[in-house]
Amino acid sequence: MLRRTFLSALGAGAGLAVIATAGPALADGPDVQYPPTIDLPPGVQPDSIVMLGRAPHAAVSSRHDGAIYRVDLQHGDVTQVRAGRPGRQARGLAVGRYGPLFVAGGAGRHMIEVLDSETGELLASYPRFHHRSDVNDVVAGTAAAWFIDGINPELYRLELGHDEPLPSAATRVRITGELRYRPGINANGLTSTPDGSAFLVVQAVTGNLYRVTDQGVSTQVDLGGEKVFGGDGLHLKDGTLYVAQPRHAQVTKIEIDAAGTAGQVVSRNRDPRFVAPAGITEHHNIFYVTNGRRPGPGSIESVGIR
């Protein structure tokens with residue numbers, strides 16, 4: 001079983017709500033103003049966003065070339081941590097308890113990369129198990145980092161330990177049960193249940209949400225008939241799950257039970273700035289959403305979600 005201690009270090013027909021712009025966001029007191037929109041460099045199509053240890057800094061991934069950026073959410077400064085290159089992708093991000101940045105490599109040659117979160121130095125990389133893969137998200141705890149593949153029904157476990165070397169290979173866990181892969185985009189978001197006993201996975205092509213154990217056994221989460229089609233990035237805060245839906249230009253808010261067996265869609269939130277919201281994080285009750293904008297560069301939007 002996946003114990004509560006493992007993930008404790010992780011950080012009815014709903015109406016359509018218009019998101020309240022959170023900017024200038026008052027995240028650290030009345031005298032500290034955060035910009036409502038942070039433009040990313042030209043060509044960046046952002047995917048995931050995760051808070052770094054030095055708040056209010058966040059790491060952002062660029063899906064088309066694998067570049068990683070550090071963003072100062074207060075001042076809007078964007079610094080490249082790792083340069084992109086052809087054939088590389090960077091999708092989901094997670095920060096481990098002991099400092100490294102875990103990168104889901106999408107369809108790139110390396111399905112998993114581990115970087116120094118400050119310098120971008122490559123600490124380890126792991127080639128994909130299959131000719132075709134889409135390792136698109138990751139969640140990290142104290143004992144392991146877990147990755148999910150959107151093409152092959154598998155989880156990948158990377159063992160972790162304080163002051164211990166990274167493992168030479170990831171462990172494959174086959175996904176069984178009710179989550180059946182089909183043509184289209186399958187597993188496309190990964191986080192823990194509120195009690196840390198399992199994972200939550202969104203299947204983009206069906207709009208279903210699933211609970212998946214660390215043994216790979218999956219059951220569909222009862223959402224009362226509601227769907228989250230095209231679901232991508234997942235963000236869990238206490239008992240509330242936020243699902244980014246790029247193709248619908250919205251973020252759906254779901255109240256979910258502790259074990260992740262049932263939930264209720266509370267609202268579907270849109271913002272006039274949204275084009276393709278993909279990743280979500282939160283800092284001092286303000287949500288930060290990566291936003292793909294074509295043909296222009298992507299951005300990070302600070303919002304208040306109802």
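Asn 136 counts as buried because its relative accessibility is 2%, where buried means under 20% relative accessible area, exposed over 50% and partly exposed in between (1.4 Å probe, protein chains only). Asn 136 lies in strand 12; strands (E, at least two residues) are DSSP runs numbered from the N terminus. Leaving aside neighbours within four places in sequence, Asn 136 is in contact with Arg 91, Gly 92, Ala 104, Ile 148, Gly 150, Ala 187, Asn 188 and Gly 189, contact being heavy atoms within 4.5 Å.

The model is predicted: local features need pLDDT of at least 70 and side-chain atom pairs count only at pLDDT 80 or more, while totals for chains, interfaces and linings use all residues. Residues are numbered from 1 along each chain as its sequence is written, and side-chain values use heavy atoms, with hydrogens and water left out.

Beyond its neighbours within four places in sequence, Tyr 156 is in contact with residues including Met 111, Ile 112, Val 135, Ala 145, Trp 146 and Phe 147.

Rings of Phe, Tyr and Trp (its six-membered ring) pair if their centres lie within 6.5 Å; planes under 30 degrees apart count as stacked, over 60 as edge-to-face and the rest as tilted. The rings of Trp 146 and Phe 199 have centres 5.2 Å apart and planes at 55°, so this pair is tilted. Because Trp 146 lies in strand 13 and Phe 199 in strand 18 (residues 199-203), the pair ties together parts that are 53 residues apart in sequence. Trp 146 counts as buried at 1% relative accessibility, and Phe 199 counts as buried at 0%. Tyr 242 and Phe 287 form another tilted pair, with 4.6 Å centre to centre and 50° between the planes. That pair links distant parts of the chain, with Tyr 242 in strand 22 and Phe 287 in strand 26 (residues 286-291), 45 residues apart. Tyr 242 is buried at 6% relative accessibility, as is Phe 287 at 5%.

Asp 238, in the loop between strand 21 (234-237) and strand 22 (240-245), has a positive phi near 55°. At 65% relative accessibility, Asp 238 counts as exposed. Ala 249, in the loop between strand 22 and strand 23 (250-256), has a positive phi of about 50° although it is not a glycine.

Ala 249 is also one of the residues touched by Val 275, together with Pro 246, Asn 291, Gly 292 and Arg 293, not counting residues up to four places away in sequence. Val 275 is found in the loop between strand 24 (263-270) and strand 25 (277-283) and is partly exposed at 43% relative accessibility. The C-alpha atoms of Val 275 and Ser 299, 24 residues apart along the chain, are separated by 9.9 Å.

Note on methods: Helices (H or I, at least four residues) and strands (E, at least two) are DSSP runs, numbered from the N terminus.
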